[in-house]
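Colleague: Hi! I'm new to this one, could you walk me through it?
Modeller: Happy to, let's have a look together.

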Amino acid sequence: MINLQNIMETINMIEKEKLDIRTITMGISLLDCCDSDGAAARRKIYDKITQRAEKLVKVGQDIETEFGIPIINKRVSVTPIAMVAQACSEQSYMAFAETLDKAADTVGINFIGGFSALVQKGCTKGDRILLDSIPEALAATKNVCASVNVACTKSGINMDAVRHMGEIIKKTAWLTREKESIGCAKLVVFANAVEDNPFMAGAFHGAGEAECVINVGVSGPGVVKAALESLKGESFDVVAETIKRTAFKITRVGQLIAHEASARLGVPFGIVDLSLAPTPAVGDSVARILEEMGLEVCGCHGTTAALALLNDAVKKGGVMASCHVGGLSGAFIPVSEDEGMIEAVGCGALSLDKLEAMTCVCSVGLDMVAVPGDTSSATLSAIIADEAAIGVINNKTTGVRIIPVYGKTVGQQAEFGGLLGRAPIMPVNRYSSEAFINRGGRIPAPIHSFKN
Amino acid sequence: MRAFVTVIGGDKVGIIYGVTSVFKETNVNVLDMNQTIMGGVFTMMVLVDLEKMNTDFQGLKSRLEEAGKQLAVSIRIQREDIFNSMHQI
């Protein structure tokens with residue numbers, strides 16, 4: 001029988017420590033919407049999304065009311081549009097982005113992911129058209145998120161695509177220059193992208209997925225921090241155990257909500273993503289958990305070890321709490337979306353180089369990092385290449401969501417607003433990577449033996 | 001469907017009466033009840049059965065919130081499952 005203490009613990013987690021369900025994301029396959037006539041394909045896409053996700057927002061709100069836990073986002077991810085659109089002969093996929101945007105508005109969601117291409121080994125005709133359409137698509141739509149997978153452990157790094165992505169990011173920043181280059185905040189460049197990620201901006205519904213599934217992303221950095229507050233001076237054995245227990249509880253709620261949403265929508269349950277996802281709100285920060293472990297400021301020496309422990313303990317606790325775990329599952333470190341990270345960058349404790357080291361042990365990568373607007377496309381590509389190399393060699397997902405904020409430089413700040421937060425502009429290395437990036441071609445897949 | 005109603009706030013005469021009156025009006029049956037003063041704060045949890053209630057969940061929730069306002073306490077209602085899944089394996 002549940003006792004009063006258990007009930008108060010749950011209520012405190014929700015009310016004081018900001019435990020919430022970060023997203024219920026419906027993954028919808030659009031593979032049956034291919035058509036040699038682009039307009040017909042878009043009609044099918046619009047109809048399918050609006051029919052399948054018609055009740056998504058309402059069901060999310062009902063569950064929120066009955067269980068008393070906030071469900072922050074209801075979203076949709078779709079099959080990478082490059083796969084669907086290339087059956088038609090159009091030379092730009094802008095119209096497809098507009099269709100996704102309209103469908104998102106109709107069903108009342110704030111983001112739809114899947115304006116994507118998987119080019120880790122090479123580009124098809126459709127992939128090229130999609131990549132070229134990204135800047136205009138992100139500038140002209142407000143709900144559409146794009147992602148491009150440029151590398152994977154099995155096939156290496158497509159350096160032509162890496163070079164191209166640097167240029168695409170620069171162009172997107174220019175086209176959205178009136179709004180702090182915010183278009184780049186809706187674009188992720190991945191290595192080892194996962195097919196069932198419910199979190200934006202990198203969500204898409206992979207080709208190996210079912211017709212329609214419900215994936216849920218949980219959150220709760222504040223709950224983990226609160227649990228550690230009573231452990232001052234205790235050993236890491238105790239810290240790791242406490243994080244595991246807390247992650248278990250958080251994930252159990254995610255599992256419950258995922259099953260409830262899946263039953264009410266008549267759509268199979270896919271996965272729970274165990275991620276600790278911060279927001280710019282005070283008390284909802286991953287950086288503050290690391291500091292609670294004993295670091296003066298996030299970014300000082302010891303941060304990578306602290307993050308490694310956190311990430312691993314979250315996975316261990318969460319895996320037992322859910323029947324299917326997937327997505328990115330771990331601790332996110334998006335700079336602009338984490339109040340503690342923003343402060344750490346502001347006071348000079350957290351550099352881009354340290355962030356890169358942290359991405360070796362966290363669940364995603366360089367996320368929501370703002371850099372000077374005059375950063376060259378070759379430098380952006382080189383940052384992507386470094387991050388992809390970490391993912392490919394270590395057999396993990398890494399991503400880059402970087403914003404060269406037009407007209408701004410080190411010392412200034414970009415304000416994105418809402419969940420995207422604000423980001424101090426971080427300096428990049430001033431030496432050139434141009435000749436390196438201009439080589440193009442592919443970096444071969446790594447060997448999986450002789451691990452040292 | 002079963003749910004936990006939790007009442008937290010300053011102690012005064014009539015809180016239990018005020019809350020259970022809503023249950024009577026909405027035909028909600030009380031299965032278990034536990035009340036104490038924690039750190040000087042009135043704290044109560046009530047396990048209720050909603051099978052035969054004569055309103056919907058949102059309706060009951062609004063009535064309880066209204067009663068909470070009049071009694072100057074905070075009243076929440078949440079389905080039992082969220083506590084079970086978090087605290088029981």
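**Between the domains and between the chains**

Modeller: This is a predicted model. Domain 1 and domain 2 of chain A bury about 3400 Å² between them, with 69% of that on carbon and sulfur atoms.

Colleague: Which residues of domain 1 of chain A lose the most area to domain 2 of chain A?
Modeller: Those are A:Met159, A:Lys170 and A:Glu180, and together they make up 18% of what the domain 1 side buries.

Colleague: And where does the assignment put the two domains of chain A?
Modeller: Domain 1 covers 27-191 and domain 2 covers 217-441 of chain A. The contact takes 41 residues from domain 1 and 44 residues from domain 2 of chain A.

Colleague: How many salt bridges are there between domain 1 and domain 2 of chain A?
Modeller: The count is 2 salt bridges. Elsewhere on the list of pairs, the side chains of A:Arg264 and A:Glu66 meet in a salt bridge at 2.8 Å, N to O. There are also 17 residue pairs in polar contact between domain 1 and domain 2 of chain A, both residues being at pLDDT 80 or more.

Colleague: Which element gives the largest share of the domain 1 side that touches domain 2 in chain A?
Modeller: That is H7(A), with 11 residues. By class, the residues on this side of domain 1 of chain A divide into 25 nonpolar, 6 polar and 10 charged.

Colleague: Changing topic, what about chain B? How many of its residues are in contact with chain A?
Modeller: 26 residues of chain B are in contact with 26 residues of chain A. The area buried between these chains is about 2500 Å², and carbon and sulfur atoms give 70% of it.

Colleague: How many salt bridges does the rule find across the interface of chain B and chain A?
Modeller: The rule finds 3 salt bridges there. B:Arg79 and A:Glu260 also meet through their side chains in a salt bridge, 3.4 Å from N to O. Across the interface of chain B and chain A there are 9 residue pairs in polar contact, both at pLDDT 80 or more.

Colleague: Which element of chain B gives the most to the side that touches chain A?
Modeller: H3(B) does, with 7 residues. That side of chain B has 12 nonpolar, 9 polar and 5 charged residues.

Colleague: One last thing, is A:Ser29 buried or exposed?
Modeller: A:Ser29 counts as buried because its relative accessible area is 7%, under the 20% cut-off. A:Ser29 lies in the loop between strand E1 (21-28) and helix H2 (38-52) of chain A, and its contacts include A:Lys48, A:Thr79 and A:His205.

Notes. Residues numbered from 1 in each chain as written. Chains lettered and ligands numbered in written order. Heavy atoms only, no water. Helix = DSSP H or I, 4+ residues; strand = E, 2+ residues; numbered from the N terminus. Buried < 20%, exposed > 50% of the residue type's maximum accessible area, 1.4 Å probe, protein only. Contact = heavy atoms within 4.5 Å. Domains from an automatic or database assignment. Buried area = accessible area lost by both parts, 1.4 Å probe. Salt bridge = Lys/Arg side-chain N within 4 Å of Asp/Glu carboxyl O. Polar contact = N/O pair within 3.5 Å; in protein donor to acceptor, adjacent residues only side chain to side chain. Nonpolar A, V, L, I, M, F, W, Y, C, P; charged D, E, K, R; others polar. Lists of a residue's contacts leave out its neighbours within four places in sequence.
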